[in-house]
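Here's a quick briefing to read alongside the coordinates. Take a look at the fold first, then work through the notes by topic.

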Amino acid sequence: MSTASIGHNVSLERRAWNIRRHAILMGEVQGQGYIAQALDIADVLATAYFHAMRYRPDDPEWEGRDRFLLSNGHYAIALYAALIEAGIVPEEELESYGSDESRLPMSGMASYTPGMEMSGGSLGLGLSIAVGKCLGLKRKRSDSRVYTLFSDGELDEGSVWEAIMSAAHYKLDNLIAIVDVNNQQADGPSTSVMAFEPLTDKIEAFGWFTQRVDGNDLGEVRDAFDAAKAQHGRGKPSMIIADTLMGKGVPFLEAREKNHFIRVEGHEWELALAALEERKPA
Amino acid sequence: MKPAATKVASGGSGAGKPRLTTSAMIASIASEGQRTKPAPFGHALVELARQDDTILGMTADLGKYTDLHIFGQAFPDRYYQMGMAEQLLFGAASGLAAEGFTPVATTYAVFASRRAYDFIHQTIAEEDRNVKIVCALPGLTSGYGPSHQATEDLALFRAMPNMVVIDPCDALEIEQAVTAMGRHKGPVYLRLLRGQVPLVLDEYGYSFELGKAKMLRDGYEVLFISSGIMTMRALEAAKALENDRIDAAVLHVPTIKPLDTAAILEACSRPGRLVVVAENHTVNGGLGEAVAGLLMREGVHPVFRMIGLPDEFLAAGALPTLHDRYGISTGAICNRVKEWLG
């Protein structure tokens with residue numbers, strides 16, 4: 001089964017670039033959005049949707065699909081961009097982002113969008129749901145995997161650690177969790193809001209197969225997904241700790257004073273697109 | 001000021017006076033000599049699971065205290081111990097439901113309603129997942145103090161869209177409600193009585209129907225509208241009031257949401273009856289206010305009174321003592337009704 005309906009020979013670099021472009025176009029529609037996060041996570045999403053995961057774009061609820069749970073619902077703009085690139089959401093819907101009656105609300109919700117498996121918004125929910133889905137898939141003797149993306153700020157939530165403990169207890173080797181460590185949450189740098197390092201040691205101590213990668217290095221991210229997938233059958237859940245750079249791919253946004261919700265002036269959306277265009281991969 | 005609740009329990013020196021101990025978690029709500037059935041929920045769930053292989057049991061370290069261990073013994077491979085982690089319990093239940101299963105998740109009512117509220121709201125109710133939430137120690141059925149007294153669970157779950165809320169009276173009703181909630185597709189909150197559970201409604205030829213109120217006895221002076229164990233108390237009170245030549249009807253409303261508005265309006269429209277809503281719950285936001293709001297909206301204005309728990313943190317102590325003190329014992333109900341009738 002192919003993983004995408006369109007452009008089989010498109011490089012991961014170009015997929016990531018397209019995801020960034022879709023996200024910027026959506027941000028421009030609303031004049032706001034968690035665009036810096038979308039840019040930082042584009043490489044992870046490109047790898048998930050165009051290297052790792054199994055799905056059918058024309059049948060988002062296909063039983064044999066891998067599940068992707070977006071725990072950090074405010075990253076919806078990034079996931080919509082990936083779903084558009086994957087052919088699950090039509091590209092023309094991008095213009096409806098955040099508008100009344102749109103299937104693409106600013107925070108991801110299960111009932112609104114094809115390919116959106118859970119309702120986020122309230123942080124710290126995704127890993128618990130993922131535990132249930134993994135238990136369910138094992139009951140069904142399915143070889144599908146559950147991927148879940150969450151943010152470093154969510155590490156503050158106790159429920160995340162409840163889920164981390166239980167995933168190891170139940171030997172959920174069909175679970176691949178990715179935490180986006182961009183070190184930015186609502187009140188400031190995540191590590192200063194609540195110290196969570198040494199994160200690799202902590203997750204490993206909970207019994208997970210744990211990898212830490214540069215989340216904006218496609219080669220590293222791809223290898224990490226491959227290694228995590230190889231854990232299936234070995235009795236351990238997998239965690240990919242992805243260190244990312246907010247605004248990645250648009251230099252003036254990378255350099256902007258870091259903020260959870262970065263301000264992009266009206267004229268800057270065009271500038272961002274232009275900056276991205278200069279870095280267009282083959 | 002909170003009265004010293006355990007004085008009765010710890011006194012112990014009074015000649016011949018029974019020592020009432022704090023009925024913490026293992027007490028039965030049954031009065032002495034009352035007919036009971038053991039663990040009706042656990043046994044009914046086993047029956048349901050024999051017919052429906054999507055049924056799973058889940059708990060947060062309270063299997064034995066919610067009668068779910070009976071299911072766990074019958075179906076060990078369909079039983080998930082999630083540890084003492086209620087947020088995880090309900091999030092994982094949502095995930096299992098999304099994969100086509102019907103998780104029945106148990107804990108104490110306080111923990112589902114207070115600790116895990118957002119998880120239930122977002123991962124179960126908002127996503128409309130087929131999860132059954134079954135919770136022990138509803139209202140004032142523990143003498144352990146506010147940490148275990150779920151006096152506001154109905155108000156909280158009534159406020160949640162998509163949630164069906166059931167407050168069963170006895171063992172018979174629990175058995176039938178388990179079957180009914182299995183048939184209903186969507187989230188359900190079921191208040192649980194466990195251990196030796198009183199058997200009352202079989203005498204009334206009763207059968208539970210989701211969303212339906214049932215008139216258990218008629219009477220022309222007083223109309224009790226009640227749910228849960230308060231229906232048992234209302235029936236006892238109605239019988240006792242016969243000695244005072246007071247004729248009382250009892251309308252049992254086990255489904256708090258959706259409310260059987262037609263049955264309530266019809267019963268309340270009959271002229272000349274004092275309407276008394278009786279609930280094992282704070283007077284804020286439960287059955288009493290649900291009925292009051294309905295009557296106001298529909299322009300039906302009987303003389304209306306509420307029996308329920310006060311808006312305060314309740315004391316620890318022996319349940320009979322507490323039920324008397326807070327006005328939900330049979331004796332207390334009779335006294336109030338006689339006062340109201342003048």
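This is a predicted model: local features need pLDDT of at least 70, side-chain atom pairs count only at pLDDT 80 or more; totals for chains, interfaces and linings use all residues.

**Chain A and chain B at a glance**

**Overall build**

- Along the principal axes, the C-alpha atoms of chain A fill a box of roughly 50 × 45 × 35 Å.
- Chain A has ten helices and five strands.
- Chain B, for its part, comes to 13 helices and 14 strands.
- The C-alpha trace of chain B spans about 60 × 55 × 35 Å along its principal axes.
- Chain B also agrees with the globule rule: its 342 residues would give a radius of gyration near 20 Å in a compact globule, and chain B has 20 Å.

- Chain A has a mean pLDDT of 94, with 98% of its residues at 70 or more.
- The mean pLDDT of chain B is 94, and 93% of its residues reach 70 or more.
- Over residues 1–14 of chain B the pLDDT is below 50, and this stretch has 19 contacts in the model beyond near neighbours in sequence.

**Helix 1 against helix 2 in chain A**

- Helix 1 (residues 12–30) of chain A packs on helix 2 of chain A at an angle of about 140°, and their axes are 8 Å apart.
- Since an angle over 145 degrees would be needed to count as roughly antiparallel, helix 1 and helix 2 of chain A are oblique to each other.
- The crossing of helix 1 of chain A past helix 2 of chain A is right-handed.
- On the helix 1 side of chain A, the contact residues are Leu12(A), Arg15(A), Ala16(A), Ile19(A), Arg20(A), Ala23(A), Ile24(A) and Gly27(A).
- Helix 2 of chain A answers with residues including Ile35(A), Ala38(A), Leu39(A), Ala42(A), Asp43(A) and Phe50(A).
- By class, this contact of helix 1 with helix 2 of chain A has twelve nonpolar, three polar and three charged residues.

**Helix 2 against helix 3 in chain A**

- Helix 2 (residues 35–52) and helix 3 (residues 76–85) of chain A have axes that come within 8 Å and cross at roughly 40°.
- That angle makes helix 2 of chain A oblique to helix 3 of chain A.
- Helix 2 of chain A passes helix 3 of chain A in a right-handed crossing.
- Helix 2 of chain A brings Ile35(A), Gln37(A), Ala38(A), Ile41(A), Ala42(A), Leu45(A) and Tyr49(A) to the contact, while helix 3 of chain A brings Ile77(A), Ala78(A), Leu79(A), Ala81(A), Ala82(A) and Glu85(A).
- The contact of helix 2 with helix 3 of chain A divides into eleven nonpolar, one polar and one charged residues.

**Where the chains meet**

- In the interface, 21 residues of chain B are in contact with 20 residues of chain A.
- Helix 4 (86–98) and helix 6 (117–125) of chain B each supply at least two residues of the side of chain B that touches chain A.
- Helix 4 of chain B gives the largest share of that side, nine residues.
- The side of chain B that touches chain A is made up of ten nonpolar, seven polar and four charged residues.

How values were computed:
Residues are numbered from 1 along each chain as its sequence is written. Chains are lettered from A and ligands numbered from 1 in the order in which they are written. pLDDT is the predictor's confidence in each residue, from 0 to 100. Two residues are in contact if their C-beta atoms, placed from the backbone, lie within 7 Å. Axes are lines fitted to C-alpha atoms, for helices over the stretch in contact, and angles run from 0 to 180 degrees between N-to-C directions. Helices (H or I, at least four residues) and strands (E, at least two) are DSSP runs, numbered from the N terminus. Angles under 35 degrees count as roughly parallel, over 145 as roughly antiparallel, 65 to 115 as roughly perpendicular and the rest as oblique. A crossing is left-handed if the near helix is turned anticlockwise from the far one by less than a right angle, and right-handed if clockwise. Ala, Val, Leu, Ile, Met, Phe, Trp, Tyr, Cys and Pro count as nonpolar, Asp, Glu, Lys and Arg as charged, and the others, Gly among them, as polar. The radius of gyration is taken over C-alpha atoms; the globule rule is 2.2 Å times the number of residues to the power 0.38.
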